[in-house]
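Take a look at the structure below. This report covers the surroundings of its two ligands.

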Amino acid sequence: MTDEKNEKKIPRHLAIILDGNGRWAKKRNLPRLMGHRAGLRKLEDMVRLVKREGIRYFSVYAFSTENWNRPLMEVTGLMRLFAYYLRRKVEEVKAEGARIRFCGRRDRIPEDLLKQMKWAEEHTKDEKILDFILCINYGGRAEIIDAVNSLIASKPNQPVTEDDLRKHFYLPDVPDPDLIIRTSGELRLSNFWLWESAYSEYYFTDIHWPDFGENELKKALADYAGRERRYGGLKS
Ligand code: IPE
Ligand code: IPE
Ligand code: MG
């Protein structure tokens with residue numbers, strides 16, 4: 001599995017479903033928001049590690065369209081944490097050569113966070129080593145619906161192709177995720193990259209997101225390197 005050839009098989013786009021912040025906090029008798037804080041902190045290290053592995057696109061699922069259904073205090077706290085993290089960490093991320101991008105609906109996002117998001121995007125737009133994509137207020141179904149509506153507005157009454165639709169996704173230039181990691185034990189997508197994950201490889205671990213580290217990342221990447229992707233064709 002780890003022969004020389006396979007070791008070079010690096011995902012171009014790595015996606016992570018950051019799950020388990022709440023359980024991490026609960027285990028320590030801490031409020032859930034402390035778990036979210038620890039989770040965001042972990043993300044800083046991960047950008048560096050991912051870049052070191054030679055990954056070109058790194059997307060993280062940080063807040064889903066369904067996460068608005070959580071108690072208002074948790075939602076508000078999370079939005080504040082996102083804004084705080086951006087304010088404090090954009091320079092560091094930029095210094096790594098990473099371009100920060102956001103993926104999701106922009107409605108419902110508090111003004112202060114929206115401002116930070118726009119600034120982060122603008123400030124890092126020329127970085128080319130890594131695209132660091134934060135999926136906030138993202139839902140795969142919402143993305144497909146938004147793309148369909150935008151497509152029928154631009155091409156009324158005409159048959160469309162997969163490529164036509166793809167051009168209307170939130171980030172059409174970003175390649176589909178090669179590997180999707182989900183932490184904390186749940187075996188589901190929870191509405192992440194629905195269309196784009198058609199041929200993604202999956203890796204699940206019981207580790208809660210704030211405990212996910214370099215070793216775990218290496219384990220996931222080694223596992224990926226040993227997989228054979230066939231896309232419905234025959235063995236090469
Ligand atoms: C993931 O952690 C972060 C978000 C969904 C915002 P959770 O908050 O879902 O943590 P658990 O699943 O309750 O442990
Ligand atoms: C998925 O986690 C969304 C994010 C990690 C942002 P959830 O904790 O919201 O998913 P479910 O509710 O367990 O499916
Ligand atoms: Mg969860």
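## Terms and model

Strands are DSSP runs of type E with at least two residues, numbered from the N terminus. A residue is near a molecule if one of its heavy atoms lies within 4 Å of it. The model shown here is predicted.

## Around ligand 2

Strand S2 covers residues 57–64. S2 gives the largest share of the shell around ligand 2, with four residues. The residues surrounding ligand 2 include Tyr-61, Phe-63, Asn-67, Arg-182 and Ser-190. By class, the shell holds five nonpolar, three polar and four charged residues.

Polar side-chain atoms reach oxygen atoms of ligand 2. For Ser-190 the distance is 2.6 Å. For Asn-67 it is 2.9 Å, and for Arg-182 it is 3.3 Å. On its own, ligand 2 has 390 Å² of accessible area, and the protein covers 79% of that. Ligand 2 takes up the space of the largest pocket.

## Around ligand 1

Ligand 1 has 13 residues around it. Leu-18, Asp-19, Arg-23, Arg-32 and Arg-70 come nearest. Three residues of this shell are nonpolar, five are polar and five are charged. H2 gives the most, with three residues.

A polar side-chain atom of Asp-19 lies 2.9 Å from a ligand 1 oxygen atom. Arg-32 also places a polar side-chain atom 2.9 Å from an oxygen atom of ligand 1. Gly-20 uses a backbone N or O atom instead, at 3.4 Å from an oxygen atom of ligand 1. Alone, ligand 1 exposes 370 Å², and the protein buries 87% of that.

Definitions and conventions: Residues numbered from 1 in each chain as written. Chains lettered and ligands numbered in written order. Predicted model: local features only at pLDDT ≥ 70, side-chain atom pairs only at ≥ 80, totals over all residues. Heavy atoms only, no water. Polar contact = N/O pair within 3.5 Å; in protein donor to acceptor, adjacent residues only side chain to side chain. Areas by Shrake-Rupley, 256 points an atom, 1.4 Å probe, with all protein chains shown as cover. Nonpolar A, V, L, I, M, F, W, Y, C, P; charged D, E, K, R; others polar. 1 Å grid on protein atoms, 1.4 Å probe; cavity = no way out; pocket = protein on both sides within 12 Å on 5 of 7 lines; lining within 4 Å. Sits in = over half its atoms within 2 Å of the grid points.
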